[in-house]
Amino acid sequence: MSIMLIMLIGGVALLGLLPVVIAMADLVRRPGEAFSALVDPVFWPRLGTSLLIVSLTLAFMLPLGLVMAWLLVRTNLPARRLGMMLIPFPLFLPPLVHVLSWFGVVPLSGIPAIVLVYVIAFTPFVVLLSARSMDQIGRAHAETVQLMGGRRAVLLDDLRHALPSATIGGVLALVFMVGDFAVADFLTSVGPKVTVYADTLYVHHQARRPGAAAATAVPGILLCLIPLIWALRRRRQLGATVDPRFEPAEPLALGGIRWALLLLIAIYLLIGTALPLISLSWQAGSWTTILEQARGASDRIVFTVLLGAAAATGMVLLALPLMLFAQRLRRPWWLDALIFLPLAVPPLILGVGLIRLWNRPLLDAIYLGPGVLLIALIGRYLAFAALPIGGSIERLDRSMLDAARLAGAGSVGRTAGITLPLIAGTVVSAWCISFCFTLRELDTLIMLRAGQRTLPFHLYSNVVFARREEVAALALILAGVTIAPLLLYLAIARRAIRFL
Amino acid sequence: MNQLNQQANEAAAGRTTGDGLNVEAISVEYGHIHAVREVSLGVRPGEHVAIIGPSGSGKSSLLRSVAGLIRPAAGRITWSDETRADETRLVETWFDTAGTRWVEPEHRRIGMIAQQPALWPHLTARAHLIRVLGWRGVRKRDRSGQTDRLLELVGIAHRATHRPAELSGGEQQRLALARALVGGSRLLLLDEPLGQLDLVRRRELGREMSRIAREMGAAVLHVTHDPTDAMSLADRIVVLEEGRMTQQGTPNEISSKPAGAFVEAVDRMRHA
């Protein structure tokens, strides 16, 4: 293993693994507290409630996402290219923005409302990842399957291709759902209260029982990490190298029904993106309110955008060499685990670990400034840069790199001259995805003092105290700032972002 | 080791004063599978040697080990430059059996064309050659002239500003040939490079590849499963079966005294 790779892995470990290990060490330091938390009679029902919400969400989300991906990639649905470009938008609107936009005007509450928000917000995970797999179905393969078994066989084969990726999408959604308490908290603030798994962690943290918080985090971490690693490995087993002569399969003709099916995509986009923005604009009342809020929060907006841009750049700069080196090791499972661990860990645990690690007299410059926020964001969301970049590198045709090697190119020449130009689109895409995710992050940053300067924190703290139109205006600003780079990417690249 | 390999080894060993590529008792293994077993051969500059054999006989493994893309389990691969007037010459060892010497493919100054030309989709034909000249350390001011000459020589000068996706199959192979030869490649490795072309273009382009490589003084080691290609293009033919060399000689020798199951079967088919 090269020194460079060891340094890169060390960097990833310092950013993501070390804070988690420090926080989880409380399991050993306070075993009694940890044990009592696990046998606490309220803990398992809360975990059960979370599992119920997650299961219901996945039950709706997986079929919906797979159907939409299939329609957008494998059929002659009208405007499917545009549809594919617009599909990620609901994902990049923070769940709190979905909640504020919808449930300020529609009286829904309880578990059905939580499930609805999650389905709307996270279905793009399944669509984008499944679509990327279906994109790789070649013409010759599809034609052979059709000749052997007809349309039914094509459908089943498409499903077989996309299922591992759809599972990754489902598990990524699961990671966000398991760690989230804000949506359930807000949606059940009136009527019967739904207390979820993440609430337990928060309560233990507030009560200064770190051993109990660490113990209760364990089931969540296992729940997220094990299926994620399994799905990633399964997907790579089915993954194919795309050579320059690759010919995609012909889209299947849907006949007259295609306009009706287009309606399904249109309704989803309407509910997931257009209506929330319209609803927030309506709730904000006037442009004056929005401008006033933007002026009032201008420092936070600039700080948040710069922080997001710096974090996204850091993620891409770290993920790129890491994945290039990882390819030489055939990307072992433990590297995936290392990258995904900080994402699978409840944000609160990551926050506690970061405080313990960086809150030291000599490190004030990092802990009290944006430094610790950058570390938190890069550590937590590195996976969203590593996943598409690693996938692109894996799919590069080896023979093109061999040809460069024989032509005299060393490793730097091959990377700069062949690999980077061929994956440039994915790198830009990864930057946009990383940027959007950093701007919707609240749960980790809320734990850190410097995080109070960010726009999501400002919005969260205003939900309770500010007037409804002010909150709506802030949510609209946050949504606009989050999706702006995505719009810019789509306008320039004119193609959907690449997620895997 | 069979008798033929023994003789070839002795021949290779005795040719230490010979020029070009010398492969001595090379073995290639994939785990427990022996793909190539102690094969020896030599190719002189300007000579075209074809390796024929059925699928799975180890032809491509042998070629890739010469290229340095896979590391042989045993043997020795060297390149000897032409003898100078003062009787001195340079012998480069690319690999030796002790594994103490290994030259990376990028430092062997060789070119390779496979069935899939593996062109770089983001570069124009011209940029392909300019890029390779850069990697091979050719000065900037010399790159343009060399590129133009080679594109002219392979017959795609009029397509210089086109990317691979805009070229026909034959043009793509011509570009692959130019890329393989640019910057002073001394050995050209061909791995079924004509397999995707129709019969007429295949013969035409095959002859042209051989001619251009000879003109540039490059040695050619050509892997094919089609004996007709080998007979029409090569100066010498090496037959591989189950990883072992079963026969070698000129096309006339091979066709007049076929030895080994593969050549005999091909010969029967030709006369059927």
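In chain B of this predicted model, four antiparallel strands line up as an open sheet in the order β2-β1-β4-β5. Helices and strands here are DSSP runs numbered from the N terminus (H or I over at least four residues for helices, E over at least two for strands), and two strands pair if DSSP finds at least two bridges between them. The edges of the sheet are β2 (33-43) and β5 (91-95) of chain B, each of which pairs on one side only. On average, and with direction ignored, neighbouring strands of this sheet are turned by 20 degrees against each other; axes are lines fitted to C-alpha atoms, for helices over the stretch in contact, and angles run from 0 to 180 degrees between N-to-C directions.

Helix α2 (residues 59-67) of chain B packs on this sheet and touches β1, β2 and β4 (74-80) of chain B. The direction of α2 makes about 120 degrees with that of β1(B). Within the sheet, seven bridges join strand β1 (residues 20-30) of chain B to β2(B) in the antiparallel sense, and Asn22(B) has Gly42(B) in β2(B) as its bridge partner.

Turning to strand β7 (residues 187-191) of chain B, five of its five residues are buried, where buried means 20 or more other C-beta atoms within 10 Å of the residue's own, exposed means 12 or fewer, and partly exposed lies in between, with C-beta atoms placed from the backbone. In a regular strand the side chains alternate between the two faces of the sheet. In β7(B) both faces are covered, with Leu187(B), Leu189(B) and Asp191(B) buried on one side and Leu188(B) and Leu190(B) buried on the other.

β7(B) has parallel partners. Five bridges link β7(B) to strand β6 (residues 110-114) of chain B, with Gly111(B) partnered by Leu188(B). Five bridges also join β7(B) to strand β8 (residues 219-224) of chain B, and here Asp191(B) stands opposite Val223(B). Together with helix α6 (residues 199-215) of chain B, β7(B) and β8(B) make a β-α-β unit that is right-handed (with the strands pointing away from the viewer, the path from the first strand over the helix to the second runs clockwise).

Finally, 21 residues of chain B are in contact with 19 residues of chain A, contact meaning that C-beta atoms, placed from the backbone, lie within 7 Å. On the chain B side, β6 and α3 (125-135) are the elements giving two or more residues, and β6(B) gives the most, with four. This side comprises 13 nonpolar, four polar and four charged residues; Ala, Val, Leu, Ile, Met, Phe, Trp, Tyr, Cys and Pro count as nonpolar, Asp, Glu, Lys and Arg as charged, and the others, Gly among them, as polar.

Residues are numbered from 1 along each chain as its sequence is written, while chains are lettered from A and ligands numbered from 1 in the order in which they are written. As the model is predicted, local features need pLDDT of at least 70 and side-chain atom pairs count only at pLDDT 80 or more, whereas totals for chains, interfaces and linings use all residues.

Conventions:
Two residues are in contact if their C-beta atoms, placed from the backbone, lie within 7 Å.
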